[in-house]
Amino acid sequence: AADTIAAALSLTTQEIGFENHLPSAFNAGVPFVFVPVRNLAAIAKAAPQPAAWGRAFGDRAAYLYTRETEVVARQFHARMFVEHAGGEDPATGSAAVALAGVVQRFDAHPSGTHRLIIEQGFEMGRPSIIEVELDVGGGGGLEAVRVAGEAVVVARGEIDV
């Protein structure tokens, strides 16, 4: 329910959902609860509440997304929280792939190839851009999803055995 999800993310129920998008669960090998958030202001203030997390998400990660973006040419702004791991991820490729299922469910793109650009990690000071292509078949189902992006080395190390 929206009130349970809102409480687990320090949001109000009015900040959950936009257009016809409602919270949903999808996975692409890793399960996520996808939480549509009203706008950038709401997504920026989101913060996991450990006492309420289990009721809303169990042991799954929460992927928040909104259509309002920092740059006009992008389709979604996102954040991904893993409460039990105590953190936020600046770029989540597996969630971006599963977001294709969410988008197709709620937006019902016509057959063909569609491109989405997702911005993530901005609130952490680690901005990431993830590109997703989804191929929609004649019957409206997803036939293929591709994800791409760039990466930078943030740490390097060696292990002596």
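Me: What share of the contacts in the chain with a separation of 6 or more comes from residues 24 or more positions apart?

Reply: Contact means heavy atoms within 4.5 Å. Here, residues 24 or more positions apart account for 57% of the contacts with a separation of 6 or more. This is a predicted model, so local features need pLDDT of at least 70, side-chain atom pairs count only at pLDDT 80 or more, and totals for chains, interfaces and linings use all residues. Residues are numbered from 1 along each chain as its sequence is written, and side-chain values use heavy atoms, with hydrogens and water left out.

Me: What radius of gyration does the chain have, and what would a compact globule have?

Reply: The radius is taken over C-alpha atoms, and the globule rule is 2.2 Å times the number of residues to the power 0.38. For 161 residues the rule gives a value near 15 Å; the chain has 16 Å, which agrees. The C-alpha trace spans about 50 × 45 × 30 Å along its principal axes.

Me: How many helices and strands does the chain have?

Reply: Both are DSSP runs, numbered from the N terminus: helices are H or I with at least four residues, strands are E with at least two. This chain has four helices and eight strands. Their order along the sequence is α-β-β-α-α-β-β-β-α-β-β-β.

Me: In which sense do β1 and β2 pair?

Reply: Two strands pair if DSSP finds at least two bridges between them. Strand β1 (residues 24–27) and strand β2 (residues 31–36) are antiparallel, with four bridges. Phe26 has Phe32 in β2 as its bridge partner. Three residues lie between the strands of this hairpin, and Gly29 takes a positive phi near 100°.

Me: Which residues touch the most other members of the largest nonpolar core?

Reply: Start with burial: buried means under 20% relative accessible area, exposed over 50%, partly exposed in between, with a 1.4 Å probe and protein chains only. A nonpolar core is a set of buried Ala, Val, Leu, Ile, Met, Phe, Trp, Tyr and Cys residues joined through side-chain atoms within 4.5 Å. The largest one has 24 residues, and Phe34, Tyr63, Tyr65, Phe76, Leu99, Ile118 and Val132 touch the most other members. At least two residues each come from β2, β3 (61–66), β4 (76–82), α4 (93–107), β6 (112–120) and β7 (128–136). α4 gives the largest share of this core, eight residues. A second, separate core has 20 residues, including Ala8, Leu11, Trp53 and Phe57.

Me: What does Tyr63 contact beyond its neighbours within four places in sequence?

Reply: Its contacts include Val33, Phe34 and Val35. Among the others are Ala78, Met80, Leu99, Ile118 and Gln120.

Me: How far does α4 reach, and which of its residues are buried?

Reply: The expected span of a helix is 1.5 Å times one less than its number of residues. α4 has 15 residues and reaches 20 Å from first C-alpha to last, close to the expected 21 Å. Its buried residues include Ala95, Leu99, Val103 and Phe106. Just after α4, Ala108 takes a positive phi of about 45°.

Me: Where do Ser10 and Glu19 lie, and what is their phi?

Reply: Most residues other than glycine have a negative phi. Ser10 has a positive phi near 60°, and Glu19 a positive phi near 45°. Ser10 lies in the loop between α1 (2–8) and β1, and Glu19 is found in the loop between α1 and β1. Ser10 is partly exposed at 29% relative accessible area; Glu19 is exposed at 61%.
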